[in-house]
Amino acid sequence: MSIEPILFYIFSTILVIASAAVVTVRNPVYAALSLVLAFFTCAAIWLMLEAEFLALVLVLVYVGAVMVLFLFVIMMLDINLARSKEGFIKYLPAGGFVALLIFIEMCVVLGPENFGIEVTGEPLKHAADYSNTKELGVTLYTQYVYPFEIAGALLLLAIVAAIALTMRRRPDSKYQDPAKQVAVRRDDRVRIVKMATEKKQ
Amino acid sequence: MIELLLSIWNLVPEALQTLLIIILKIVVITVPIMLSVAYITLAERKVIGYIQVRIGPNRVGPRGLLQPIADGLKLVLKEIIIPTNANRFLFVIAPLLALAPALACWAVIPFADGWVLADIDAGLLYVLALSSMGVYGLIIAGWASNSKYAFLGAIRSAAQMVSYEIAMGFALVGVLMAAGSMNLSAIVESQSGSFIHWFWLPLFPLFLVYFIAGLAETNRAPFDVAEGESEIVAGFHVEYSGMAFALFFLAEYANMILISILTVIMFMGGWLSPFQGIPGLEDLFAFVPGIVWILGKTCFLLLLFLWFRATFPRYRYDQVMRLGWKVFIPITILWILVIGVGVMAEIGPWFD
């Protein structure tokens, strides 16, 4: 048996356990860290699918930046676990129903009749010089260049909107302007006064 | 004897053979890194000592050369104290999370032509992704310690690392545009020619930004606000002692070497000889292997790290953030535009 299936099963077991832990563990910090582990093992599985660009970007963006900020916030908040568990039984039927619905939908969409090996065909094994990064770049910047640029513009708009919505001027807080600080010259600050020596009294 | 060993080797199944060879390569890379980390601590104390007109450590062994061994031994023998109400599991695992990414990055570093453990296509991205993982060790350590100072240090370092990663990433985008590849060996190859073909010249602002952002990423002075011993005692590792503390120390110094060697690979021609293309001198120095050049350049940058620490006072926290967001990111974006124009116009000798 080759090593690939063994690796796949190791990674997918860790992924399933970590994903389950995200929603079941009591400590929110542990939940966030489980999510990090889930992202990381997911990236490992993507690597095995020869999608190294996506895998590395997943680690870079989600693990390296998004989850750091998540953890940051979770650690700062003093989350009241008892209160967040209130009404668990009351909301269980509705929540369970929605979960079941999503599960059925996913089975219908992602089931073997749409994504089975007969439909998609055996995935191609590429040679060692195959570059997933290059393939993605070529596809994004030729075939899908307009959707890609529009998505980029939308994201930029979202950034500007988020900053514009949350920014507020605080007239009471003091700011420094480093450009002005650097431009300061001696003459602005110090004045040397020449005066006659005073008589001793 | 050799024949006997060879026949035993041939009995080993092929998959296991590859595995053993890879493990051997990892050992060959890791052990020198660990030794260099030990001796950089000595070099740091010596260099700063001489800068401050002192001698530095000179008691253990000849000229203090065994000092790192003594320090290491001391740390190994010390007790690891776990604070009350600390999260035991996370407290213990945090130093490992800090050290592992710092070492894992070395897998893609080419030391000379073809001397690389994993010659992967997206090497640059791999380095960026893994070095962004190092911050977890710091955050978890700060949180699990159950200490205000440690937590403040962790928050500071997390904010700082996330901010400087952006500038660093943009600097890498510039390198990848100029080189046309994310493979670190190919990046070095594309700087071949002469001293002025190296990317430090066409990418000079990015070179500076990358190196300074590297200082900030490794939490070194003048950006060591995460430790800031005069403000928050020692930041995220204030509660750590013994070997657990030593692992953080190892991670910091391993990261320093990593940033230096990456700067060398991306901006200073990697293993290429600085005398390349100069008639006379090129032949005179042709016998020097590439690894000497790359390690020599790396040592020079490491010296800069130590020099900075002895020279500059610590940044104030808000100014660290200002430098990252308001100075470095605009500079890098602007210079990426310049490189774009250069690549389109095929300006020689770098972009043709």
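This is a predicted model: local features need pLDDT of at least 70, side-chain atom pairs count only at pLDDT 80 or more; totals for chains, interfaces and linings use all residues.
Modeller: Residues count from 1 along each chain as its sequence is written, and chains are lettered from A, with ligands numbered from 1, in the order in which they are written. Local features need pLDDT of at least 70, side-chain atom pairs count only at pLDDT 80 or more, and totals for chains, interfaces and linings use all residues, while side-chain values use heavy atoms, leaving out hydrogens and water.

Biologist: How many residues of chain B are in contact with chain A?

Modeller: Contact here means heavy atoms within 4.5 Å. Chain A brings 25 residues to the meeting, and on the side of chain B the number is 27.

Biologist: Which three residues supply more of the area that chain B buries against chain A than any other three?

Modeller: Buried area is the accessible area (1.4 Å probe) that two parts lose on being put together, summed over both. The two chains bury about 2200 Å² between them, 77% of it on carbon and sulfur atoms. Of the area that chain B buries against chain A, 24% comes from B:Leu125, B:Tyr136 and B:Trp143.

Biologist: Which helix gives the most to the side of chain B that touches chain A?

Modeller: Helices are DSSP runs (H or I, at least four residues), numbered from the N terminus. Among those of chain B that each supply at least two residues to this side are H4 (88–104) and H14 (317–345). With 6 residues, the one that gives the most is H7(B).

Biologist: How many salt bridges does the rule find across the interface?

Modeller: The rule asks for a side-chain nitrogen of Lys or Arg within 4 Å of a carboxyl oxygen of Asp or Glu. Over all chains, the whole structure has 8 salt bridges. Across the interface of chain B and chain A, the number is 0.

Biologist: With which residue does B:Arg45 form a salt bridge?

Modeller: The closest N and O atoms of the pair are 3.0 Å apart. B:Arg45 lies in helix H2 (residues 14–51) of chain B and its partner in helix H3 (residues 67–77), so the pair ties together parts that are 26 residues apart in sequence. The partner is B:Asp71.
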